[in-house]
Amino acid sequence: MGRGKIEIKRIENTTNRQVTFCKRRNGLLKKAYELSVLCDAEVALIIFSSKGRLYEYGSNNSSIRQTIERYKKTHANSSGSSAAFEVNSAEHYKHESTKLQNQIQHIQKANRNYMGESLGSLSAKELRQLETRIERGVARIRNKKNELLMDQIDKAREKNDKLQKENADLRYKFQRAQQSGMVPGGSELDTLATFDPRGYYQVNIMEPGPHGYPHCQDQTALHLGYDMKAETPGKNLL
């Protein structure tokens, strides 16, 4: 049976902790030796026990101090390279910032010139060039405006044609309905009055009653291609 997994935490028992330290220290020293021999690597291992005792290993007959000095030198060179890189990056960003600021100032000056401002520093040649650019821009704007207006006019014409067609269809349907007797003729339609159920008599929408104009006096008659004739009030049905 294989060994079970152990929880990685401090061993509370002193004897067990010392035994485990000795076993794992020897195993770590063995692994460092194997790494230096198999891979021809320079390995330095330093171990301090809980009681302060030192255990060390240096490969290739080199002392731990030589390996540490080599590490310090390599670390210093890499730190210097990083510092130089940071300085170069800062200079680059500073140069780009100055370049962008100059571009912003140039664009702002050009916008003021297009608005007719800050023209005192421009020569006659520069003023002619500015005038030419503005005229070209105005021409493009007018062309675009005319295109939009023509599109609106075309849409309005299409809508008008559609409404005229619908009106013609409605007129045709109404005439067919008159011919079939489904609706009264023109004279009968003109004399059609509004029926008021309160008094059981006809009330003309244009004739005031005893209590003033009826509530529907503001209704607008629908003109279907002919003029509505004014009729006298209808007779009392009683």
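Leaving aside neighbours within four places in sequence, which residues is I47 in contact with? In this predicted model, the partners of I47 are F21, R25, L28, R53, L54 and Y55. Contact here means heavy atoms within 4.5 Å. Residues are numbered from 1 along each chain as its sequence is written, and side-chain values use heavy atoms, with hydrogens and water left out. Because the model is predicted, local features need pLDDT of at least 70 and side-chain atom pairs count only at pLDDT 80 or more, while totals for chains, interfaces and linings use all residues.

I47 also belongs to the largest nonpolar core. Buried means under 20% relative accessible area, exposed over 50%, and partly exposed in between (1.4 Å probe, protein chains only). Strands β1 (44–48) and β2 (54–58) each give two or more residues to the core. Helices (H or I, at least four residues) and strands (E, at least two) are DSSP runs, numbered from the N terminus.

Two non-glycine residues have positive phi. D40 has a phi of about 50°. D40 is found in the loop between α1 (14–39) and β1, and counts as exposed at 63% relative accessibility. For S118, phi is near 55°. S118 lies in the loop between α2 (64–114) and α3. At 39% relative accessibility, S118 counts as partly exposed.

The protein averages a pLDDT of 76, and 70% of the residues score at least 70. Over residues 187–208 the pLDDT stays under 50. The model has 35 contacts beyond four places in sequence for this stretch. Residues 210–238 also have pLDDT below 50, with 30 contacts beyond near neighbours in sequence. Where pLDDT is low, the predicted coordinates should not be read in detail.

Definitions and conventions
Core = buried A, V, L, I, M, F, W, Y, C linked by side-chain atoms within 4.5 Å. pLDDT = per-residue confidence, 0-100.
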